[in-house]
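Dear colleague,

I am handing over a structure for you to look through, and below it I have put together some notes on what was found. Please keep it open beside the text as you read.

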Amino acid sequence: MDGLKVKLVNYTPKPLETVTWAALISYWEEWESEAFERVTRTDVENHLPRVLGYGHESILEHAVFTFAIEGISRVASHQLIRHRIASYTQQSQRYIKLNPEDVEETFVIPEGVKENPELYEKWKKLMREAIELYEETYAKGIHQEDARFILPQAVRTKIVVTMNLRELKHFLGLRACERAQWEIREVAWKMLEEIAKREELKPIIKWAKLGPRCISLGYCPERELMPPGCLKMTKEKWKKVIEK
């Protein structure tokens with residue numbers, strides 16, 4: 001999607017070591033707070049895959065990730081904030097300035113609409129008119145917090161998202177699915193790709209099976225609703241992410 005940007009900007013220092021150290025408290029008699037400094041990458045590799053293999057995922061909550069997302073529509077951001085075990089800070093529509101000369105800079109227009117030239121021009125015309133009326137409204141003394149009521153949900157926004165790793169797995173399980181809405185699905189895959197770019201984080205994708213639910217379950221929970229060939233396609237796409 002043109003204009004969409006997702007960036008992993010921060011995360012818990014030594015996240016896999018932190019999660020491993022937390023896991024060891026359950027059965028390691030020598031566990032102590034100072035033991036965190038002694039957790040090595042070898043300890044992580046020896047313990048974390050096994051513990052996660054047992055399905056003990058509460059330990060993932062001790063690692064937190066912060067993403068910056070730019071260029072998504074308010075349609076997509078509304079879906080995003082429905083994931084309540086997370087923190088969000090979103091661009092305010094009370095103060096933003098819109099560009100009536102370039103509607104695609106200001107709004108997200110679905111590719112299906114762009115494929116129909118006549119419909120595409122109607123969309124752009126309506127969006128330009130919405131911006132012009134928005135500007136006219138606040139130019140006449142109406143506050144922007146009221147003027148924004150005229151804007152379509154397609155208006156682009158920016159948002160900072162912070163999730164712990166367990167909630168991130170839940171989010172990816174639902175939103176990276178091929179049946180998720182296309183825009184939020186692209187956000188989910190870009191978040192996964194951002195994690196894969198960090199060598200210290202990359203192993204957790206495989207160990208915790210981060211991705212659409214079919215990756216962790218081994219089958220499509222959508223069953224008869226699954227698009228033809230989706231399971232194979234999704235598994236191949238996931239493998240490409242972890243093999244880069």
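How many aromatic pairs does the structure hold? There are three, where rings of Phe, Tyr and Trp (its six-membered ring) pair if their centres lie within 6.5 Å, and planes under 30 degrees apart count as stacked, over 60 as edge-to-face and the rest as tilted. Before going further, please note that this is a predicted model, in which local features need pLDDT of at least 70 and side-chain atom pairs count only at pLDDT 80 or more, while totals for chains, interfaces and linings use all residues. Residues are numbered from 1 along each chain as its sequence is written, and side-chain values use heavy atoms, with hydrogens and water left out.

One of the pairs is formed by Tyr11 and Phe65, which are stacked at 5.8 Å centre to centre with 25° between the planes. This pair links distant parts of the chain, since Tyr11 is in strand 1 (residues 5-11) and Phe65 is in strand 2 (residues 64-73), 54 residues apart; helices (H or I, at least four residues) and strands (E, at least two) are DSSP runs, numbered from the N terminus. Phe65 has 1% relative accessibility and counts as buried, a word that means under 20% relative accessible area, with exposed over 50% and partly exposed in between (1.4 Å probe, protein chains only).

Another pair, Trp21 and Phe36, is edge-to-face, with 5.5 Å centre to centre and 70° between the planes. Phe36, buried at 18% relative accessibility, also has the charged end of Lys14 over its ring, 5.3 Å from the centre; a charge sits over a ring if NZ of Lys or CZ of Arg is within 6 Å of the ring centre and within 35 degrees of the ring normal.

Turning to the strands, an open sheet of four has the order 1-2-4-3 with antiparallel pairing, where two strands pair if DSSP finds at least two bridges between them. Strand 1 and strand 3 (87-90) stand at the edges with a single partner strand each, so one side of each is left without a neighbour in the sheet. Strand 2 and strand 4 (residues 156-164) pair over nine bridges, and Ser73 has Arg156 in strand 4 as its bridge partner.

Finally, the count of disulfides (pairs of cysteine sulfur atoms within 2.5 Å) comes to zero. The sulfur of Cys177 is too far for a bond, because the closest cysteine sulfur, in Cys220, is 5.9 Å away.

Best wishes
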